[in-house]
Amino acid sequence: MSSSLQCPDDPAPSMNVEAVLHMKEGVGETSYAKNSTLQMKSMDTVKSLVTESARDVYASLKPEKFTLADLGCSSGTNALGMVEEIVRSVAEVCRGSSPPPEFSVLLNDLPTNDFNTIFSRLPEFTGKLKADADADAGDDPMVFLSGVPGSFYGRLFPSKNVHFVCSFSSLHWLSQVPPGLLDETNGPVNKGKMFISSTSPPAVAAAYSRQFRRDFSLFLRSRAAEVVAGGRMVISMLGREGERHADRNTTLLWDLLSESFAALVSQGVVEQGKVDAYDAPFYAPSIGEIEEEVRRQGSFRMEVARAYEASLSGSGDARKDGRTVSMAVRAIQESMLGHHFGTEIVDALFAKYTELVTATMEREEVKSIQIGVVLTRL
């Protein structure tokens, strides 16, 4: 099978991820701002890693200006929630001994991100920090917030300028759909599926793994130029526990989305060829793959690498949990799905998807795997 595939250097399919991918904007019913509770829970899982690492960096370097960057910040309440925790934790280190540093906060996401929703929350954000300082009789931290549009698979900031980097639920998105998913006649080799599945040819997993290695290596090289010696990065992303690519925790929700499309095809709503031609720019790495790229790139020391298992069936109510998961997936993927299939199919697609996810949750517990990593710049 692999001999008939495109070589790894052949051009990828045409979707421009940087121009298309963004979380659903605004604060409406289907917006990311209203449907990001699962991401908030995953951030809470690694919150102690983030705050402890930020405190350690400040205590070690004692900069007058503490520059932190959130890569893939998205929009809504999650965008500033962890920044608030970082500022608060560093300010606590200073309490009673010295004024806190000035904070330069660099919020990064793709140019299509809804930065306006983030900035509209700035008064609430600064008000909370001031209230905390007043309650503890401390100095108000000075926080200077900036939006930095662009892909984190490349340079974003001046050299040796950043003390602390965090990124949540972002690095599992690739810079592009992997090359190597078409055969010698330009036909799709992963028909009926939009991600790695148990029925995918081995070359599909190889193409995705290869693209992740390229992207993550470029991410590390870019941050190595920007982060000061002794600075740290805390990264969390969806991943898998073992080396097997078709891990059920990783592939289940993708398989259910493929089944939802199959239902629309059977109803004549979507053409099968359109479904066969769609591949998601997503990859869930193992800890081993992350460790290998960190070692190969050589600019960071890995302090922590942990896998966290989380239940998506948190409330025990399959109907409620199914809708929560479906709406979260819609808020994340609607931009790409609408671009490829047309926005008119989205409501029907996610009505079916909600039905399938709910039915699955009635039979079994649905889980996800998150990987948390702490890296120190050498």
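A polar contact here is a pair of N or O atoms within 3.5 Å; within protein, one must be able to donate a hydrogen and the other to accept it, and residues adjacent in sequence count only if both atoms are side-chain atoms. Before you click, note that this is a predicted model, where local features need pLDDT of at least 70, side-chain atom pairs count only at pLDDT 80 or more, and totals for chains, interfaces and linings use all residues. Residues are numbered from 1 along each chain as its sequence is written, and side-chain values use heavy atoms, with hydrogens and water left out.

**Stop one: α11.** Select Asp-317: one of its side-chain oxygens comes within 3.1 Å of the backbone nitrogen of Arg-319, at the start of α11. With 19 of its 24 residues buried, α11 is largely enclosed by the rest of the structure (buried is under 20% relative accessible area, exposed over 50%, partly exposed in between, using a 1.4 Å probe and protein chains only). Just past the helix, Gly-342 has a positive phi of about 100°.

**Stop two: the sheet.** Color the seven strands of the open, mixed sheet, which run β3-β2-β1-β4-β5-β7-β6; two strands pair if DSSP finds at least two bridges between them. Its edges are β3 (143–149) and β6 (300–311), each with a single partner strand, so one side of each has no neighbour in the sheet. Zoom in on β6 and β7 (367–377), which are antiparallel over 11 bridges. Met-302 sits opposite Leu-375 of β7.

**Stop three: the β4–α7 loop.** Which residues here have a positive phi without being glycine? Ser-169, in the loop between β4 and α7, has a phi of about 50°, and Asn-186, also in the loop between β4 and α7, is near 65°. Ser-169 is partly exposed at 24% relative accessibility, while Asn-186 is exposed at 54%.

Terms used. Helix = DSSP H or I, 4+ residues; strand = E, 2+ residues; numbered from the N terminus.
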